[in-house]
Amino acid sequence: MIAISNQQFLQETLNKRAAESALRKLTVENGWIDFCSNDYLGFARSTELTKMIENEFQTTKNIRNGSSGSRLLAGNTEYAEVLEKKIAAYHGFDAALLYNSGYDANIGLFSCIAKRGDTIIYDELIHASVRDGVRLSFANNYSFKHNDIEDLEQKIKSAKGRIFLAVESVYSMDGDCAPLKEIAIICEKYSVLLIVDEAHSIGVFGKNGKGMISELQLEKKVFATVFTFGKAMGCDGAVVCGSDILRNYLINFSRSFIYTTAKPLHGLISINCAYELLKQSQEAITTLKNRIRYFQSKFDKTNHSLTKIESESSIQCLVIPGNESVKRVVSNLQKLNFDVRAILYPTVPKGLERIRICLHTYNTETEIEILAKQFQASV
Ligand SMILES: Cc1ncc(COP(=O)(O)O)c(C=O)c1O
């Protein structure tokens, strides 16, 4: 290993982060009451899903542990192709292409979809994976104000070339939803190609968790959607859904699809079984919605002098300005075994630091009630 003295330049940057109370650290699992994970429907901890995966694995012909290559070389399987068709049909699209993660899907899609001279417009709160994909693209790019249709229209009017628009159906750090119907109308008016990231919407919105595009019946209005499997689906990976032409294009030009080892069979089986479970999960989704409503009633503005970001999703945010202040409240709640986490500057803008609470089917009303009381006592 290179001498520590030669790595001082790294330590200096870390020190700067620490001085802003913004140093990121890894923590391991803690057994606290989970108000933090993305396991909205409890799939990641579902013994039923584990059994389904084990059974499917036993009965599926498999000749190797790893996939042993990229999809374009030795890594493709009939299982992957059938799964993609099944996922596309579930969400109401002609085709789907699997990626190893949502990060890969967004990087791979946005880096190749627009050409030099085209424009990618994105919501200012769009996920880092879309931003990183856009940065790799040769197209022009700029953001519009969060969920602001007027600003979006202005930005579209001044855009050049073919125009792409990137939004999330549920914003990951705020939990609020995009006004997708209005956005779809604007996109149609100006022939803008709409791309929607459904990472936090799958499993939560739409009949049988098909997502927000399905709930609003906008399948024919979008150019592409990204569904990720690491959140409500309880496993990992992602797909880009759209047309057969889009799928063929991505197979040819999307570098995070082309230059990586394909997901092995066990991962594909996990995704397949998670979809089987999702089909039967309408009751669980209703339970989740009830928990969200219960949380909203307990954290009503009339009960607390707090800034709560309006949200109908399983992500609920309580704004406590300042890294130090939000960390103090979080630390108080953690001492009481509540697994809540602070979202700090620079992940969110200064002044909008927050506690991001994720709700799950397995959070009881009593837990939510105690959390609300303790929160009030801590601020
Ligand atoms: C909106 C959004 N898109 C994409 C991703 C990336 O998905 P994955 O965790 O599967 O890489 C995330 C996860 O943090 C997300 O919140």
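Domain bounds here come from an automatic or database domain assignment. On that basis the protein chain has domain 1 (22-41 + 281-378) and domain 2 (48-279). This is a predicted model, so a few ground rules apply: local features need pLDDT of at least 70, and side-chain atom pairs count only at pLDDT 80 or more, whereas totals for chains, interfaces and linings use all residues. Residues are numbered from 1 along each chain as its sequence is written, and side-chain values use heavy atoms, with hydrogens and water left out.

**Where the two domains meet**

- The centres of domain 1 and domain 2, taken over C-alpha atoms, are 27 Å apart.
- In terms of contact (heavy atoms within 4.5 Å), 22 residues of domain 1 touch 22 residues of domain 2.
- About 1,600 Å² is buried between domain 1 and domain 2, and carbon and sulfur atoms give 56% of that area; buried area is the accessible area (1.4 Å probe) that two parts lose on being put together, summed over both.
- Of the area that domain 1 buries against domain 2, 24% is supplied by Asn 38, Tyr 40 and Ser 281, more than any other three residues.
- Between domain 1 and domain 2 there are 11 residue pairs in polar contact, both residues being at pLDDT 80 or more. A polar contact is a pair of N or O atoms within 3.5 Å; within protein, one must be able to donate a hydrogen and the other to accept it, and residues adjacent in sequence count only if both atoms are side-chain atoms.
- On the side of domain 1 that touches domain 2, the elements that give two or more residues are α12 (282-298), β10 (315-319) and β13 (354-358). Helices (H or I, at least four residues) and strands (E, at least two) are DSSP runs, numbered from the N terminus.
- The largest share of that side of domain 1, 4 residues, comes from α12.
- Sorted by class, the side of domain 1 that touches domain 2 has 9 nonpolar, 7 polar and 6 charged residues. Here Ala, Val, Leu, Ile, Met, Phe, Trp, Tyr, Cys and Pro count as nonpolar, Asp, Glu, Lys and Arg as charged, and the others, Gly among them, as polar.

**Salt bridges**

- The whole structure holds 13 salt bridges, each being a side-chain nitrogen of Lys or Arg within 4 Å of a carboxyl oxygen of Asp or Glu.
- The count between domain 1 and domain 2 is 1 salt bridge.
- Asp 174 and Arg 354 pair through their side chains at 2.8 Å, N to O.
- Lys 86 and Glu 276 form a salt bridge at 2.5 Å, N to O. This pair links distant parts of the chain, with Lys 86 in helix α3 (residues 78-91) and Glu 276 in helix α11 (residues 265-279), 190 residues apart.
- Lys 86 is partly exposed because its relative accessibility is 29%, and Glu 276 is partly exposed at 25%. The scale is relative accessible area: buried means under 20%, exposed over 50%, and partly exposed in between (1.4 Å probe, protein chains only).
- Asp 236 and Lys 263 form a salt bridge at 3.0 Å, N to O. Asp 236 lies in the loop between β7 (224-228) and β8 (238-242) and Lys 263 in the loop between α10 (255-258) and α11, so the pair ties together parts 27 residues apart in sequence.
- Asp 236 is partly exposed, at 38%, whereas Lys 263 is buried, at 13%.

**Ser 67 and its surroundings**

- Ser 67 sits in the loop between α2 (47-59) and α3, and counts as buried because its relative accessibility is 6%.
- The side chain of Ser 67 reaches the backbone oxygen of Ala 262 at 2.6 Å.
- Leaving aside neighbours within four places in sequence, Ser 67 is in contact with Ala 74, Gly 75, Thr 261, Ala 262, Lys 263 and Pro 264.

**Helix α6**

- Asp 148 caps the N-terminal end of α6, where a side-chain oxygen lies 3.1 Å from the backbone nitrogen of Glu 150.
- The buried residues of α6 are Asp 151, Leu 152, Glu 153 and Ile 156, and they pack against β3 (119-123), β4 (140-144), β5 (163-168) and α7.
- Glu 153 also forms a salt bridge with Lys 189, the closest N and O atoms being 3.0 Å apart.
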